[in-house]
Amino acid sequence: MGSQSKDQTELTVLVTGFGPFREQYPANPSWEIAKGIPSHLPPLRAKDTSSREALKTPPVRILVPPEPIRVNYKVVRDLVPGFWDTYQGHKVDMAIHIGMASPRPFYQIERRAHRRGYKSLDVDNEMLVDGPEGKVDDEDWIWHGLPDEILSDFDIDDVHSRWQRLSSKDMDLRVSEDPGRYLCDFIYYSSLAHLYKASRPRKVVFLHVPSDASDTYVSRGRELTMNLIRALVESETAAKSDLSGNQETGA
């Protein structure tokens, strides 16, 4: 009976990572990070809660695909809709897609994704079948009539602030406005577009991590991803609490 009660309030978060990126990156840090994520978000330790606002968050289940996502446009397009239905027996409430950036040492969450501008070949030397500018006049095009930019429904600035507070002070954590018009941008737009078309909350964010796949960076990236999950859950919980309070006071 206790587990049934827990399941009613439990949030489910999907975390994905990409596979090898050509010969330069046989181990993609995004997948190395994702595959080691635990199945549940652990509760904050007492010393971490003593100086933080009292915010009761629901239990969080974390799902990770059984294998990395191939850096291929068609593979991504085929996979994404299945993430947002019932995945591994659970309805996904929110998602973090992880991808690697250049060898820069900072981490950033993306606010928006783009419908057009995909001019680079994927790892199988294939272009997006839509063409770089899409098929805007084709009513059968999967993204026909959608905005050229779609933003996450998360309060990204609030999430970023919470992410910083949860993480070590020496971590360089940023908000970005351009995921780069490649597979990172493409998977982000694919998820946002799927939710947009279904009139569902666009509770998805993209996390760019450094390209270093060493144990040190993977461990750090995993910790920061867990912190980001907590930041997302806290932000959503606080927003719902504020909304509930306003409704009760008639505001």
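This note sets out numbered points on the structure shown above.

1. Basis. The model is predicted, so local features are reported only at pLDDT of at least 70 and side-chain atom pairs only at pLDDT 80 or more, whereas totals for chains, interfaces and linings use all residues. Residues are numbered from 1 along each chain as its sequence is written, and side-chain values use heavy atoms, without hydrogens or water.

2. Overall content. The protein chain holds seven helices and 10 strands (DSSP runs, H or I of at least four residues for helices and E of at least two for strands, numbered from the N terminus). Of its 251 residues, 47% are buried (under 20% relative accessible area with a 1.4 Å probe, protein chains only; exposed is over 50%, and partly exposed lies in between). Among contacts (heavy atoms within 4.5 Å) with a separation of 6 or more, 82% link residues 24 or more positions apart.

3. The sheet. Six strands form an open sheet of mixed pairing in the order S2-S1-S5-S10-S6-S9 (two strands pair if DSSP finds at least two bridges between them). Strand S2 (60–63) and strand S9 (173–176) are the edges, each pairing on one side only. Within the sheet, neighbouring strands are turned by 25 degrees against each other on average, direction ignored (axes are lines fitted to C-alpha atoms, with angles from 0 to 180 degrees between N-to-C directions).

4. The S5 and S10 pair. Strand S5 (residues 94–100) runs parallel to strand S10 (residues 204–209), and six bridges join the two. His97 has Phe206 of S10 as its bridge partner.

5. Helix H4. In H4 (residues 73–83), the buried residues are Tyr73, Val76, Arg77, Val80 and Phe83. These fall within an arc of 125 degrees seen down the helix axis, so they line one face of H4 (the arc is that of the directions from the helix axis to the C-beta atoms). They pack against strand S1 (11–16), strand S3 (86–87), S5 and helix H6 (183–197). Lys74 and Asp78 are exposed on the other side of H4.

6. Arg230. This residue belongs to helix H7 (residues 215–249). Arg230 is buried but has no salt bridge, and the nearest side chain of opposite charge, Glu234, is 5.6 Å away (a salt bridge needs a side-chain nitrogen of Lys or Arg within 4 Å of a carboxyl oxygen of Asp or Glu; Lys and Arg count as positive, Asp and Glu as negative, and His and the chain ends are not counted). Neighbours within four places in sequence aside, Arg230 contacts Leu41, Pro42, Pro43, Leu44 and Leu166.
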